[in-house]
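Please look over the sequence and the model shown here, and keep both at hand while reading the report that follows.

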Amino acid sequence: MRSTHPPHIGLGLPVDDPALLPSWARRADALAFSTLGLLDRLVFDNPEPLITLAALAGATSRVRLQTEVLIVPVHNTALLAKQTATLDRLSGGRFTLGIGVGGRADDCLAAGIDPRRRGRRLDEQMTLLRRTWNGEPYGLDVGPVGPRPATPGGPRVLFGGFAPAALERVGRFGDGFLGAALPAAHMSGLFRQVEAVWRKYDRPGRPHLVAQASVALGPAATVERARRNLRDYYAFTGRAEYMTRGLLTGAREIRAAVDAFRDIGADEVVLYCWSSDPDQIDRLADTLF
């Protein structure tokens, strides 16, 4: 059953000037935005997301904090269980763990893991994370890894990705799905597949469905900086120009995209800002609230 409510609106934080992020967080927290999302890469010029979101938890009191998405296979599992539980406690249960396997071999190689095994490794990690968040022993001859998260059973977990295995993980381990870089007409098919997987595993209720869109709202310099940052981030895919063409730069088209995601059942739409111009926060709020 799809949501009948208008979607919440979150902000994806820019990564080109980390020093500005506490100011971004405070401004968003004072408005009606639901979530602050932060991307993850290892071999890239971005701030580490869990450390950054912990700092932003202290700068905010209401808005949720979300990884979009954390490349979990490159992390030590026991340490990640402790970090995510701590962040959930520090934020008063406002943390959402968005998870993915990652699309770049160099991230895996830098972390010393086999990129060919990252999907299987993630499945193993999820079993351990759920066990640890529930306060159970981490393994044979290893006791519990605390602290216990503020959210019973662990923080909300969203899986991102496009492969069937990623969608299956929503039913097996997750609370919902985060779909990025696709318009609503294409995202709808993924949402319906996620709902089918949810039923397959006989999960109660419905999955939390999140759509993400890239935006830049402001003067020409803001838009051009966003385009440059998009090209840099997606250069490894060979589709950087395609991703850049998908950047939403006008109030009308941003509203239309949000409406389209609402119509396919999105519970939340995260508008990812690729330029660090903080006045975008107020411009987006004026456009959507």
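## Helix α5

How many residues does helix α5 have, and how far does it reach from its first C-alpha to its last? This is a predicted model, in which local features need pLDDT of at least 70 and side-chain atom pairs count only at pLDDT 80 or more, while totals for chains, interfaces and linings use all residues. Residues are numbered from 1 along each chain as its sequence is written, and side-chain values use heavy atoms, with hydrogens and water left out.

Helix α5, spanning residues 118-133, has 16 residues and reaches 22 Å, close to the 22 Å expected at 1.5 Å a residue (the expected span being 1.5 Å times one less than the number of residues). Helices (H or I, at least four residues) and strands (E, at least two) are DSSP runs, numbered from the N terminus. After α5 comes Gly-135, with a positive phi near 85°.

## What covers the helix

Among the buried residues of α5 are Leu-122, Met-126, Leu-129 and Trp-133, where buried means under 20% relative accessible area, exposed over 50%, and partly exposed in between (1.4 Å probe, protein chains only). The elements covering the buried residues of α5 include α3 (77-90), β5 (95-100), β6 (156-160) and α6 (164-173).

## Thr-60 in its loop

Thr-60 sits in the loop between α2 (49-59) and β3 (64-67), and it counts as buried because its relative accessibility is 9%. Its side chain makes a polar contact of 2.9 Å with the side chain of Arg-94 (a pair of N or O atoms within 3.5 Å; within protein, one must be able to donate a hydrogen and the other to accept it, and residues adjacent in sequence count only if both atoms are side-chain atoms). A polar atom of the Thr-60 side chain also lies 2.8 Å from the backbone oxygen of Leu-56.

Definitions and conventions
Contact means heavy atoms within 4.5 Å.
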